[in-house]
Amino acid sequence: MFEAIDTLGDVVARFPVAGTIFKDHKIDYCCHGQRTLEEAASEQGLSTDSLLSTLNTAYDKAIEEGHKEHDWYTESYSTMIEYILTNHHAYLQKTMPVLGELTAKILRVHGEHHGEELRQVHRLFNTFKMDMEAHLIKEEESVFPQIVAFEKTGDRDALVEALKKIAELESEHEAAGDLLRQINLVTANYAVPEDGCATYLYTYEKLEQVEEDTFRHVHLENNILFPRLREQL
Ligand SMILES: [Fe+2]
Ligand SMILES: [Fe+2]
């Protein structure tokens with residue numbers, strides 16, 4: 001059961017469904033996962049008791065249904081990295097080019113009536129895409145191989161090199177999270193106007209999925225993988 005003093009990152013690490021509950025309440029658990037449930041609830045003007053009761057009810061239900069989750073605190077680094085690559089990096093690599101085209105397409109078709117919103121969506125998403133492409137390369141080509149090398153050989157130099165770049169990765173996560181929050185804001189939580197076509201709807205659905213997936217992705221890196229590595233020093 002969760003308590004008011006538990007941190008957001010720890011709650012989602014133990015119970016990933018909590019990520020969806022936090023998202024519904026606009027609570028950022030990935031870049032600011034070190035805050036307690038109580039702090040996050042009061043920042044959002046929510047009652048801590050009602051947030052706790054929502055979380056604990058969902059948790060009881062998941063236990064009853066026999067859900068088993070990864071314990072990322074004890075899983076090997078290479079398993080965790082493999083999971084991040086096959087789920088989150090592959091997802092972004094597949095989805096970002098499609099959304100790059102879709103945000104341009106809806107701007108072209110609906111720009112006359114919804115130009116201000118769609119120009120911002122197009123610009124914000126393409127900035128996110130460009131930044132994330134470089135970020136994924138940095139993780140895949142440099143930081144993740146160093147972490148795996150450290151795990152295999154115990155090479156402290158590889159650990160030190162990886163840790164040096166982790167602060168950069170964290171600030172890139174913060175910037176990416178900000179861009180996604182701005183997209184959420186300018187679209188009023190992905191609300192499609194009445195005259196929006198099927199492509200408009202599809203684009204906004206995909207953008208919302210990118211937000212949710214990226215928060216889960218960043219959570220695994222910021223709240224679990226990186227802190228575990230720092231403890232190794
Ligand atoms: Fe990543
Ligand atoms: Fe990352």
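Let's start with contacts. In this protein, 74% of the contacts with a separation of 6 or more are between residues 24 or more positions apart. Two residues are in contact if their C-beta atoms, placed from the backbone, lie within 7 Å.

A word on the source. This is a predicted model, where local features need pLDDT of at least 70, side-chain atom pairs count only at pLDDT 80 or more, and totals for chains, interfaces and linings use all residues. Residues are numbered from 1 along each chain as its sequence is written, with chains lettered from A and ligands numbered from 1 in the order in which they are written.

Now the fold. The protein has seven helices and zero strands. Helices are DSSP runs of H or I with at least four residues, strands are runs of E with at least two, and both are numbered from the N terminus. The protein's radius of gyration is 19 Å, close to the 17 Å that the globule rule gives for 233 residues, so the protein is as compact as a globular protein of that length. That radius is taken over C-alpha atoms, and the rule is 2.2 Å times the number of residues to the power 0.38. The C-alpha trace spans about 60 × 45 × 30 Å along its principal axes.

What share is buried? Of the 233 residues, 28% are buried. Buried means 20 or more other C-beta atoms within 10 Å of the residue's own, exposed means 12 or fewer, and partly exposed is in between; C-beta atoms are placed from the backbone.

Next, the domains. There are two: domain 1 (8–64) and domain 2 (77–231). Their bounds come from an automatic or database domain assignment. Their centres, taken over C-alpha atoms, are 21 Å apart. Where they meet, 10 residues of domain 1 contact 11 residues of domain 2. On the domain 1 side, helix H1 (8–14) and helix H2 (17–24) each supply at least two residues. H1 gives the largest share of that side, three residues. By type, the domain 1 side has five nonpolar, three polar and two charged residues. Here Ala, Val, Leu, Ile, Met, Phe, Trp, Tyr, Cys and Pro count as nonpolar, Asp, Glu, Lys and Arg as charged, and the others, Gly among them, as polar.

Last stop, a loop. Asn189 sits between helix H6 (156–186) and helix H7 (198–231). Its phi is positive, about 65°, although Asn189 is not a glycine. Asn189 is exposed, with 10 other C-beta atoms within 10 Å. Tyr190 is in the loop between H6 and H7. Tyr190 has a positive phi of about 65° too, and is not a glycine. Tyr190 is partly exposed, with 17 other C-beta atoms within 10 Å.
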